[in-house]
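The entries below follow the order in which I looked things up.

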Amino acid sequence: MIRWKEIFFVFVLILGVCNIMFAQTTSTSTQTVMFAVERSISPNLNISSNKNSLSISSENTELQTQLNRQSLKMTVSVAKSDKNFETDNQTEKFSSSSNIMSTSTSHLDLGSLIQTEQSSVVLNSSVILTITE
Amino acid sequence: MKQRDEKISIALLGGRIRIQFQKSFIGVFLLTLFLLINSSTSFTQTHSSSASQRITLEVKPISKISVSGNPNPLIIKTDASFTEEYSVSDENTRYNLFTNLDNMKIVASISDRMPTGTSLKLKVDNDRATSAGLVDITDAMTPVEVVTGIGRGNDLDQKICYTFTAQGNVSEIPNQSRIITLTLTN
């Protein structure tokens, strides 16, 4: 015996589902957001000289903080110029570079680096401190 | 056997004129007259006749939202010595929506959480409805409401604003992206 009531009920149910499917009550649209944080190293050093050596004031601590904040490998080099240090072709690199990983366990002692290398620097010259990735 | 056609006489003008018709002729005449009257009646009825049809109409719910594109990259560039919170914003993208429903809303979700120390906020403007203002979607993995009370009609060229913020102690973050999904729903 054919159960017409059940068949009719299923038919109505299918119609209802189709009606809901084709009725568009929700719509979506997407956007892609790109972002980044770039931290540049900008040391603000006070380098003073006396007879045989250079000394770096407390900004060295600030630079150290900046370096430690980065997770990249840095190269630090020191150069001198007898003329205006802003003209790069006039400079003469006199210090070795050092690769450092600025983590909490690996510190860069810029002060000792410069003072060690600086013993024979002629006075009245400019000093350029360059930090690159 | 041949039947004889009977004749009918009609006297006119007091019997001075007498016209005789065959009975069959009278029959044909009456039939023609009936047809003429009937056709005439049919023509006059065309103005008053009617017919009906049943037309079933249905307007289904429609909701549509579309954005104009992606915002410009949100890049924070500061000195490593900068310890304050820093933000950049973009409001160059727009959206259009259309709906024939009442009390609709826009919700927003993000594909993945933002990095630690950063936040992403979203502001979706709407001229006809209520904007929730700058909504933090930093970890909005489940949708959050950004516009509510949208009625029937369309809204064109509505502004979308993103604000990316990094705290001062955040180190460098290389380029990353997140997918923001805006949903118009009830």
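Strands here are DSSP runs (E, at least two residues), numbered from the N terminus, and two strands pair if DSSP finds at least two bridges between them. I found B:A108 opposite B:V144 in β10(B).

I noted that this is a predicted model, in which local features need pLDDT of at least 70, side-chain atom pairs count only at pLDDT 80 or more, and totals for chains, interfaces and linings use all residues. Residues are numbered from 1 along each chain as its sequence is written, chains are lettered from A and ligands numbered from 1 in the order in which they are written, and side-chain values use heavy atoms, without hydrogens and water.

Next I looked up the sheet. It is open, has six strands with mixed pairing, and runs β4(B)-β1(A)-β12(B)-β6(B)-β10(B)-β8(B). β4 and β8 (130–131) of chain B stand at the edges with a single partner strand each, so one side of each has no neighbour in the sheet.

Then I checked where the chains join. Strand β1 (residues 27–40) of chain A pairs with β12(B) in the antiparallel sense over ten bridges. The bridge partner of A:T32 in β12(B) is B:I179.

Last, I looked up the contacts (heavy atoms within 4.5 Å). I found 54 residues of chain B in contact with 28 residues of chain A.

Conventions
Helix = DSSP H or I, 4+ residues; strand = E, 2+ residues; numbered from the N terminus.
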